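Subject: Structure handover, with notes on what it contains

Dear colleague,

I am passing on the structure we spoke about, and below it I have set out what was found. Please read the notes with the structure open beside them.

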Amino acid sequence: MWRSLAKVSVAAWAGVAWAQAEPSDLVRKFEDFVRDFGKAYPDEAEYQARFAAFVENLRYIEAENSKSTNRYTLGLTAFADMTRDEFRTSYLGYRAPARAWGDAAYLGAFKASNSSLPASVDWRQKGAVTDVKNQAQCGSCWAFSTTGALEGAYQIATGKLVSLSEQQLVDCAQSFGEQGCNGGMMDGGFQYVAKNGLDTEESYGYKAKTGICKASSGAMGIPAGSVTGFHDVKKNDEQALMEAVSKQPVSIAIEADQSVFQFYKGGVLTGACGTKLDHGVLLVGYGSENGQDYWIMKNSWGPSWGEKGFGKLLRGPSGEGECGIQMDPSFPVVTAAPGVPTSVINLV
């Protein structure tokens, strides 16, 4: 019954503005989407609402892909049955701190030394990046950016890549200014881990909802005291950010509430977003493609988004950067053993 109703509603809803698209083709594409992404809707009303959102999003994707000036490609992601407002509410959760670093052991701003840098950096190739994870419909991006930076720094310090628990941060870090699935910030996560350590992902698995804190009930992934402090990177400085990420993965905040992020599949995102920071991700390197410089970021929306869960953002001159990437970068200092610093830093 839903299929026939969907055909009728979309034929009336889409109107003459998209007359080239046959209702039956739209229904078939939607059914393929539902199957491919394992979607299920509880009733007819939900089906119709999701179908309407899908058609609107498909229209947008095809219009963007037809623009010859775009350096990126959009496509159907797991979010193609959501409106932009629903997507923003469900998957974004970065909250800028009221004051930088709070009560953390602030170790100074990381400033470019103007030393020679490699033409490209990719920490995935150096074994310092875990597999892409999925925050699901929980505003816990900040926790995934936090664990990503810690996983990379700990691997560089010890040679061991350990997947760390985002759920522990979601459940336990409220006293550090975090709000679980309602948002948070990476520096609060770093502060929590410095004091308490963090369990492994395997022993304290992700639930995509805020629960009761069960800290230290699982296997310790990174001991308390291994995080000795934090650096921010000089704001709006491309060279400083390049130098920082040449040393280790860096937590960054970006604006990701635009439709191009919702449906990004590949290429270099350029001129596609603003600077109202609302999403925490991980910077894992930089490079160039067909003469276009870019940053490499690891997202937390699963491997079906972007380039197997990763994305490229335009890298250009100093300033706020594409999507605000150069506005609020930071990284932790991690030791192989508590009390034995291993990071090389440049201070103001």
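A disulfide here is a pair of cysteine sulfur atoms within 2.5 Å, and in general terms it is a covalent bond between the sulfur atoms of two cysteines. The model is a predicted one, in which local features need pLDDT of at least 70 and side-chain atom pairs count only at pLDDT 80 or more, while totals for chains, interfaces and linings use all residues. Residues are numbered from 1 along each chain as its sequence is written, and side-chain values use heavy atoms, with hydrogens and water left out.

Disulfides

Three disulfides are found in a search of the whole structure, and, with bonded cysteines counted along the chain, they follow the pattern 1-3, 2-4, 5-6. Buried stands for under 20% relative accessible area, exposed for over 50%, and partly exposed for what lies in between (1.4 Å probe, protein chains only).

Cys138 is joined to Cys181, with an S to S distance of 2.0 Å, and the torsion about this S-S bond is about -95°, so the disulfide is left-handed. The two cysteines are 43 residues apart, Cys138 being in the loop between β3 and α5 (141-158) and Cys181 in the loop between α6 (166-172) and α7 (186-196). Cys138 is buried, at a relative accessible area of 1%.

The sulfur atoms of Cys172 and Cys213 are 2.1 Å apart in their disulfide, and this link is right-handed, with 105° about the S-S bond. Because Cys172 lies in helix α6 and Cys213 in the loop between β4 and β5, the pair ties together parts that are 41 residues apart in sequence. Cys172 counts as buried at 11% relative accessibility, whereas Cys213 is partly exposed at 39%.

Cys273 and Cys323 form a disulfide with their sulfur atoms 1.6 Å apart, and the link is left-handed, with -80° about the S-S bond. Cys273 lies in the loop between β8 (264-269) and β9 (279-289) and Cys323 in the loop between β11 (310-314) and β12 (330-334), so parts that are 50 residues apart in sequence are tied together. Cys323 is buried, with a relative accessible area of 1%.

Gly218

Gly218 is placed in the loop between β4 (198-199) and β5 (220-222) and is partly exposed, with a relative accessible area of 25%. Leaving aside neighbours within four places in sequence, Gly218 is in contact (heavy atoms within 4.5 Å) with Asp199 and Ser203.

Confidence

The mean pLDDT, the predictor's confidence in each residue from 0 to 100, is 87 for the protein chain, and 86% of its residues reach 70 or more. Confidence is highest in strand β3 (residues 121-122), at 98, and lowest in helix α1 (residues 2-14), at a mean of 45. Over residues 1-19 the pLDDT is below 50, although this stretch has 34 contacts in the model beyond near neighbours in sequence. Where pLDDT is low, the predicted coordinates should not be read in detail.

With best wishes

Definitions and conventions:
Helices (H or I, at least four residues) and strands (E, at least two) are DSSP runs, numbered from the N terminus.
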